[in-house]
Amino acid sequence: MTNFVLTVTCKSTRGIVAALSGFLAEKGCNIVDSSQFDDLGTGRFFIRVGFISEEGETRDALMDGLAPISEKFGMEVALHDQAERMKVLLMVSRFGHCLNDLLYRWRIGALPIDIVGVVSNHFDYQKVVVNHDIPFHHIPVTKQNKPQAEARIMEIVESSGTELIVLARYMQVLSDRMCEAMSGRIINIHHSFLPSFKGANPYKQAYQRGVKLIGATAHYVTADLDEGPIIEQDIVRITHAQSAEDYVSLGRDVEAQVLARAIHAHIHRRLFLNGSRTVVFPPGPGSYASERMG
């Protein structure tokens with residue numbers, strides 16, 4: 001038996017759920033979890049269905065069978081074998097808290113992905129990455145070589161079969177061209193002070209202003225810097241008794257947690273782009289329990 005996840009986006013109309021569930025029943029498939037959302041504002045419909053093919057139907061056979069339904073409703077359909085891990089490329093600069101957190105979750109099985117490599121514009125985390133038997137790619141970036149550097153990154157993406165890029169505090173701005181080429185396939189994390197506290201030390205600025213909430217935001221990367229569709233957010237409360245160093249420590253912790261949850265949502269196909277927003281379905285019974293961690 002194979003566990004599949006079916007995702008569908010289309011114009012909202014009657015009969016979609018009945019058509020899909022009826023088809024799966026006819027093919028000997030058992031639905032184990034289902035989430036749907038009808039956006040009344042945009043008229044778009046989103047559904048994610050986890051099911052088991054109890055009679056051995058292959059992905060190709062199921063997709064062929066879905067074709068008439070897809071055509072009838074104008075659907076964008078994707079079908080994935082849940083046993084196949086997504087290929088992920090991590091990118092980092094000199095702040096390693098998110099990278100180390102992701103490597104740990106991956107190593108203990110709490111983040112079911114295939115890390116195909118780590119790209120960095122510095123050597124700070126080369127030893128850490130290599131010790132995990134993961135390819136490390138040092139690609140320095142300057143104003144003069146940025147097009148060549150991004151071309152090299154895209155070569156790695158193509159050769160490794162990368163399906164998702166994660167900017168684990170990668171501090172270089174990606175070009176419009178790369179953002180468009182990887183649209184909906186690059187996730188970034190940043191503190192939620194933007195744009196209030198810009199510059200190299202936002203946590204110190206937050207401390208000096210007496211900020212009471214520290215947050216983090218994970219979002220898809222677009223050509224508009226730090227303004228892509230938001231995937232996940234969280235906050236931690238600060239008191240007057242905490243130091244600037246506490247701000248940094250708490251901020252890094254919440255960044256790591258938010259980024260991990262955003263990646264989980266993406267790799268489990270719970271994320272749908274909805275214009276400049278996202279639809280994010282909650283973890284179902286088929287998702288790893290660590291999606292609720294943090």
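1. Contact here means heavy atoms within 4.5 Å. The model under discussion is a predicted one, and on that contact criterion Leu-90 touches Leu-99, Leu-102, Leu-103, Ile-115, Gly-117, Val-118, Val-119 and Val-166, leaving aside residues up to four places away in sequence.

2. Leu-90 also belongs to the largest nonpolar core, which has 42 residues, and is listed among those with the most contacts inside that core, together with Leu-99, Leu-102, Val-118, Val-166, Ile-187 and Leu-259. Two or more residues each are given to this core by strands E5 (86–92), E6 (113–120), E8 (164–167), E9 (186–191) and E10 (213–220), and by helices H3 (97–107), H7 (202–208) and H8 (244–267). Of these elements, H8 supplies the largest share, with nine residues.

3. Turning to helix packing, the axes of helix H1 (residues 16–26) and helix H2 (residues 59–73) come within 11 Å and cross at roughly 165°. Since angles over 145 degrees count as roughly antiparallel, H1 and H2 are therefore roughly antiparallel to each other, and the crossing in which H1 passes H2 is right-handed.

4. On the H1 side, the contact between these two helices is made by Ile-16, Ala-19, Leu-20 and Phe-23, while H2 contributes Leu-62, Gly-65, Leu-66, Ile-69 and Phe-73. Sorted by class, the contact of H1 with H2 holds eight nonpolar residues and one polar residue, with no charged residues.

Notes: Residues numbered from 1 in each chain as written. Predicted model: local features only at pLDDT ≥ 70, side-chain atom pairs only at ≥ 80, totals over all residues. Heavy atoms only, no water. Axes fitted to C-alpha atoms, helices over the stretch in contact; angles between N-to-C directions. Helix = DSSP H or I, 4+ residues; strand = E, 2+ residues; numbered from the N terminus. Parallel < 35°, antiparallel > 145°, perpendicular 65-115°, else oblique. Left-handed = near helix turned anticlockwise from the far one by under 90°. Nonpolar A, V, L, I, M, F, W, Y, C, P; charged D, E, K, R; others polar. Core = buried A, V, L, I, M, F, W, Y, C linked by side-chain atoms within 4.5 Å. Buried < 20%, exposed > 50% of the residue type's maximum accessible area, 1.4 Å probe, protein only.
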